[in-house]
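Please open the model in a viewer and keep the sequence beside it. The stops below say what to select next and what is there.

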Protein chains: 2
Amino acid sequence: MFSGCQFSLYPMSDNFVEVILPAVEAMGTSPELRIETDDISTLVVGTPSNVFAAVERAYGAACRAGGHVVLSALFSRGCPGEPDDPLCTPQGPESATAEPVARAPGSAERQRAGIAIDAQFSIYPLGIENYMNSIAAGIDSVKQAGVFDRSKHFCTRLHGDIRDVFAAVEKTFSTAARETGHVVIHLTASKGSPSAKKASSHATHETTTHDQEKNHV
Amino acid sequence: MFSGCQFSLYPMSDNFVEVILPAVEAMGTSPELRIETDDISTLVVGTPSNVFAAVERAYGAACRAGGHVVLSALFSRGCPGEPDDPLCTPQGPESATAEPVARAPGSAERQRAGIAIDAQFSIYPLGIENYMNSIAAGIDSVKQAGVFDRSKHFCTRLHGDIRDVFAAVEKTFSTAARETGHVVIHLTASKGSPSAKKASSHATHETTTHDQEKNHV
């Protein structure tokens, strides 16, 4: 099973290069990960658990640099068109569809990072007719994890510490993998938006006019 | 059939608010579109053709503002969990699975905008077992449109004038809709990246080490 992520960091700053490069570097080098970049995104190949942890490290580092910074990430596992890679085969206690090991309750890594983010994600279980059940289970799962904010058209909004949000999304990924081999998640995470405080009041959720465009910054 | 888009603009600039607001406004107001925003994304609801045209207008306006600016967009049609909306029902010559009308060859709107962009997209035809055939057809389609750049893991890179890229992606959307009711496309478009010129030399495509991280800006 091939698994990995294409992700991009978007610091809304003139100094975006100085934020992106150290953040990508913060993933570190490991024989368990393959990392490739081009001008649009960075690819990380490895087990889902290692990939989620690496992307979380990169985005965490970008968030700590300050300002408004967004992560856009495409996580994929089991695409029939992708070659298998030994890097993607979990070793030891991490099986293909197990709970995320590194963030299991009680583990040292479960501690919060102190970075509050807003996020939204969509999950696509492919190749099966009853995929809507998998999507519903994924949404229930983030509710149970305490990071659900609200439903939007085409995606689900989340809010919480970066670690809790990533753990919850990773869990929906592994849970859906029990239903079908090929699962894709798109995650957008945002920190430091000047509109976030206003939006988090939940007063403007049902905006229905163009006049609310000022929220989207 | 409910159809629309959640999109975000990311100007890599201290003045990001001054780029985003006029760009969202450039979509205009129309009884054929419903537009809602929050701090993460802007929703556009309407027929696929109207929605693609609106998002193209917004991103085009952001590109004209100069600098490095990225669009991240989720286009969706036919999700069984979404309510139907009369706004999404094509009137007149635009049928649910027809060629995009506004950008049909020979139409006035088919002229190029003079904005060269790099992009990558993924298409998810949901609820069917033979979805890989639909994905392959979508990739063939962008090749025929002349905007194919190369395949990447999990997505396909495109290059061309913003109008040609949008027309090609919209066409894959309508083509896949002949196979299944529920189709999602994620599109990332980038203009003005300081790494793009280097990457477009095609010399660094097969980067396999962390040392190439500098390309991802």
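Begin by selecting the cysteines: the structure holds 0 disulfides over all chains, a disulfide being a pair of cysteine sulfur atoms within 2.5 Å. Cys63(A) is in no disulfide, and the nearest cysteine sulfur, that of Cys5(A), is 15 Å away. Cys63(A) counts as buried at 4% relative accessibility; buried means under 20% relative accessible area, exposed over 50%, and partly exposed in between, with a 1.4 Å probe and protein chains only. Cys5(B) is likewise in no disulfide, with the sulfur of Cys155(A) as the nearest cysteine sulfur, 10 Å away. The relative accessible area of Cys5(B) is 0%, so this residue is buried.

Two notes on conventions before going on. This is a predicted model, in which local features need pLDDT of at least 70 and side-chain atom pairs count only at pLDDT 80 or more, while totals for chains, interfaces and linings use all residues. Residues are numbered from 1 along each chain as its sequence is written, chains are lettered from A and ligands numbered from 1 in the order in which they are written, and side-chain values use heavy atoms, with hydrogens and water left out.

**The sheet of chain A**

Now show chain A as a cartoon. An open sheet of 8 strands runs in the order 2-3-1-4-8-5-7-6, with antiparallel pairing; two strands pair if DSSP finds at least two bridges between them. Strand 2 (34-37) and strand 6 (148-152) of chain A are the edge strands, each pairing on one side only. From one strand to the next, the twist averages 20°. Helices (H or I, at least four residues) and strands (E, at least two) are DSSP runs, numbered from the N terminus.

Select strand 5 (residues 116-125) of chain A. It pairs with strand 8 (residues 183-191) of chain A in the antiparallel sense over 8 bridges. In strand 8 of chain A, look for Thr188(A), the bridge partner of Gln120(A), and for Ala189(A), the bridge partner of Ala119(A). Strand 5 of chain A also pairs with strand 7 of chain A, again antiparallel, over 6 bridges. There Ala116(A) stands opposite Asp161(A). How many residues of strand 5 of chain A are buried? The count is 9 of its 10 residues, so the strand is mostly covered.

Helix 1 (residues 16-25) lies across strand 1 (3-11) and strand 3 (42-45) of chain A, at about 150° to strand 1. Helix 3 (residues 131-144) of chain A lies across strand 5, strand 6 and strand 7 (155-161), at about 160° to strand 5. Axes are lines fitted to C-alpha atoms, for helices over the stretch in contact, and angles run from 0 to 180 degrees between N-to-C directions.

**Chain B: one helix and what covers it**

Move to chain B and select helix 1 (residues 16-25). Its buried residues are Phe16(B), Val19(B), Ile20(B), Ala23(B) and Val24(B). They cover an arc of only 115° around the axis, which puts them on the same side of helix 1 of chain B; the arc is that of the directions from the helix axis to the C-beta atoms. What covers these buried residues includes strand 1 (3-11), strand 3 (42-45) and helix 2 (48-64) of chain B, contact meaning heavy atoms within 4.5 Å.

Next, show strand 1 and strand 4 (residues 69-77) of chain B, which run antiparallel and are joined by 9 bridges. Tyr10(B) stands opposite Val70(B) in strand 4 of chain B.

**Charged pairs**

Finish with the charged side chains. The whole structure has 22 salt bridges over all chains, a salt bridge being a side-chain nitrogen of Lys or Arg within 4 Å of a carboxyl oxygen of Asp or Glu.

- In chain A, select Arg157(A) and Asp149(A), whose side chains meet in a salt bridge (3.3 Å, N to O). Arg157(A) is buried at 2% relative accessibility, and Asp149(A) is buried at 17%.
- In chain B, select Arg34(B) and Glu36(B), a salt bridge with the closest N and O atoms 2.3 Å apart. Arg34(B) counts as partly exposed at 21%, whereas Glu36(B) is buried at 14%.
- Asp85(B) lies in the loop between strand 4 and strand 5 of chain B and Arg34(B) in strand 2 of chain B, so the pair ties together parts that are 51 residues apart in sequence.
- Last, select Asp38(A), Asp39(A), Asp118(B), Asp149(B), Arg150(B), Lys152(B) and Arg157(B), which are linked in a network of salt bridges.
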